[in-house]
Amino acid sequence: MADDLPLIAETPEPPYYAVIFTSLRAEGDHGYDAMAQRMVELAAEQPGFLGVESAREDVGITVSYWRDLDSIRNWKQHAQHRIAQRRGQDVWYAHYSVRIARVERAYSW
């Protein structure tokens with residue numbers, strides 16, 4: 001993750017959207033770490049991006065937060081992101097799942 005991004009996303013008051021990407025990696029790196037870093041940096045430049053959180057042990061979970069569904073659609077169709085998606089399907093992931101949820105309430109301390 002980029003050094004200037006917090007480990008826990010600082011999101012605005014709801015409502016907003018969360019894209020939950022859960023994955024099981026295939027064997028080997030094959031450029032994954034570099035591409036993952038680039039995708040976080042690129043996502044942060046997109047209109048409507050609010051933040052990202054990510055953790056990986058046996059199962060990887062990345063949650064990105066977005067202002068609205070149009071922002072999510074635009075990110076999904078971004079040319080460089082499409083390349084990463086294809087590489088993920090072909091090389092990096094044994095399995096993955098994407099879920100999109102509307103955040104209605106949020107709190108922290």
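Arg 86 is partly exposed, with a relative accessible area of 48%; on this scale, buried means under 20%, exposed over 50%, and partly exposed anything in between, using a 1.4 Å probe and protein chains only. Its partner Asp 90 is exposed at 55%, and the two form a salt bridge with their closest N and O atoms 4.0 Å apart. Both sit in helix H3 (residues 79–92), four residues and about one helical turn from each other. Helices here are DSSP runs of H or I with at least four residues, strands are runs of E with at least two, and both are numbered from the N terminus.

A word on the source: this is a predicted model, where local features need pLDDT of at least 70 and side-chain atom pairs count only at pLDDT 80 or more, while totals for chains, interfaces and linings use all residues. Residues are numbered from 1 along each chain as its sequence is written, and side-chain values use heavy atoms, leaving out hydrogens and water.

**Salt bridges**

With a salt bridge defined as a side-chain nitrogen of Lys or Arg within 4 Å of a carboxyl oxygen of Asp or Glu, the count comes to four. The table shows two of them, along with the accessibility of each partner.

| Asp 68 (24%, partly exposed) | Arg 67 (47%, partly exposed) | 3.2 Å |

**A nonpolar patch**

Turn next to the surface, where Leu 69, Tyr 96, Val 98 and Ile 100 form a nonpolar patch with about 330 Å² of accessible area together. Such patches take residues with over 30% relative accessible area and no salt bridge, joining nonpolar side chains (Val, Leu, Ile, Met, Phe, Trp, Tyr) within 5 Å and like charges within 9 Å. The areas come from the Shrake-Rupley method with a 1.4 Å probe, and for residues only the protein chains shown count as cover. Strand E4 (residues 93–103) gives the most to the patch, with three residues. Ile 100 is found in this strand and counts as partly exposed at 49% relative accessibility.

**Backbone details**

Two spots in the backbone are worth a look. Most residues other than glycine have a negative phi, and most peptide bonds are trans. The bond from Pro 14 to Pro 15, however, is cis, with omega near 10°; Pro 15 lies in the segment before strand E1 (16–25). His 30 is not a glycine, yet has a positive phi of about 50°. You will find His 30 in the loop between E1 and helix H1 (32–44), partly exposed at 47% relative accessibility.
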